Amino acid sequence: MGTATLSIDLDAIAANWRALDRMSAPDVQTAAVVKAGGYGLGIPRVVQALAQAGARRFFVAVAEEGAAVRQVLGPGPQISVLSGHMPGDTEMIHDLDLTPMLNSIDQITRHLESLPGHAFGVQLDTGMNRLGLEAPEWEAVAPILLEGRPALVMSHLACADDPASAVNEAQLAAFHAMTDGIGVPRSLAATGGLLLGPEYHFDLTRPGIGLYGGRPFEAATPVVGLSLPVIQTRAVAAGEIVGYAGSWVAEGASVIATVSGGYADGLPRSLSNAAVLWDGAIPCPLVGRVSMDLITVDITHLPEVPRSLDLLGPYQTVDDLADAAGTIGYEILTGLGARYVRRYAEGAR
Ligand SMILES: *Cc1c(COP(=O)(O)O)cnc(C)c1O
């Protein structure tokens, strides 16, 4: 088979959710962020695993994702839409009982006019300048909104992966100033904020990346493995080039494996001449350019030609690969292509 295999450990996702849940006080609810198809790992199985672990509140980016999550969960668990109530979303929000996190006066008007009495939350901007009402807007509409009993009032931290950043405390103070005494459940922390400590937890935390084994949750159980089949091998003499633009030149006689997987599968082109694949515990350098469907790997030092090489696994995490590519684990995960065979493991732990 020429298709690579992405293995996803559902027990590890469940274990990560429980570990993050234990980090806050028992009266703090731990939600699960499953936007972008569960960070690229696949909505049905990831959502099922999180629900079985105990998650009762889910966050998605857009209403369409919420529909997919509702299909898995059935009625009951709360599904919040971070992009709020967009034009065209009304029917879906109503029919699938989604809870939009309203971000602007426009969205508030749309929601209250089209779905009076339907659940909603409010997103506030405390300094990130991305989504949510700013302080003066909030001040103007809070009395009306709070009458409608929002399910949640939330904000998002811009620098939570850096505990030393002064922005964290500034946003915390801004959130307090905007929400103290409102008598409605509040949420500020994603994975990074959860790890900053209890003063960031409020009533509900919203971890995403930590569930999937990524930084900044350093204690996470790894979730993802990616094994790429070797399609063919060839001997290359000293001075010969490998791949587009001849960006790698053999210094000596070499054995090169051509491996299935390329930038169309979410392997960033910046991994060219920069990544390592693994044959068990033996590292093998990726040589030459990453092309659309293929990479080339120097396996001169291997005793035997392996059937496949691991790009993600026990010796290389998503964050290791992200470092090699000059990006972040989030981008590697969500970029993992649609072409892989996804193999879900559970029941092992
Ligand atoms: C993506 C996102 C999260 C989850 O963030 P992680 O860093 O993946 O834990 C939480 N809240 C909001 C508003 C987000 O956009």
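**Terms and the values behind them**

Mentor: This is a predicted model. Helix α1 (residues 10-22) packs with helix α3 (residues 43-53) at an angle of about 45 degrees, and their axes are 9 Å apart.

Trainee: Why are α1 and α3 called oblique to each other?

Mentor: Angles under 35 degrees count as roughly parallel, and 65 to 115 as roughly perpendicular. The angle here is about 45 degrees, and α1 and α3 are therefore oblique. Their crossing is right-handed.

Trainee: Which residues of α1 and α3 meet?

Mentor: From α1 they are Leu-10, Ile-13, Ala-14, Trp-17 and Arg-18, and from α3 Arg-45, Val-46, Ala-49, Leu-50 and Ala-53. Eight residues of this contact are nonpolar, none is polar and two are charged.

Trainee: How do you know whether Gly-121 is buried or exposed?

Mentor: Buried means under 20% relative accessible area. Gly-121 has 0%, so Gly-121 is buried. Gly-121 is found in strand β7 (residues 121-123). Not counting residues up to four places away in sequence, Gly-121 touches Thr-99, Pro-100, Met-101, Leu-102, Pro-150, Ala-151 and Leu-152. The C-alpha atoms of Gly-121 and Pro-100 are separated by 6.0 Å, though these residues are 21 apart along the chain.

Trainee: Why is Asp-97 called partly exposed?

Mentor: The class lies between the buried limit of 20% and the exposed limit of 50%. Asp-97 has a relative accessible area of 40%, so Asp-97 is partly exposed. Asp-97 lies in the loop between α5 (90-95) and β6, and its phi is near 50 degrees, a positive value in a residue other than glycine.

Trainee: What is phi of Asn-273 near, and where is Asn-273 found?

Mentor: Phi of Asn-273 is near 55 degrees, again positive in a residue other than glycine. Asn-273 is in the loop between β14 (254-260) and β15 (276-279). With a relative accessible area of 38%, Asn-273 is partly exposed.

Technical notes. Residues numbered from 1 in each chain as written. Predicted model: local features only at pLDDT ≥ 70, side-chain atom pairs only at ≥ 80, totals over all residues. Heavy atoms only, no water. Axes fitted to C-alpha atoms, helices over the stretch in contact; angles between N-to-C directions. Helix = DSSP H or I, 4+ residues; strand = E, 2+ residues; numbered from the N terminus. Parallel < 35°, antiparallel > 145°, perpendicular 65-115°, else oblique. Left-handed = near helix turned anticlockwise from the far one by under 90°. Contact = heavy atoms within 4.5 Å. Nonpolar A, V, L, I, M, F, W, Y, C, P; charged D, E, K, R; others polar. Buried < 20%, exposed > 50% of the residue type's maximum accessible area, 1.4 Å probe, protein only.
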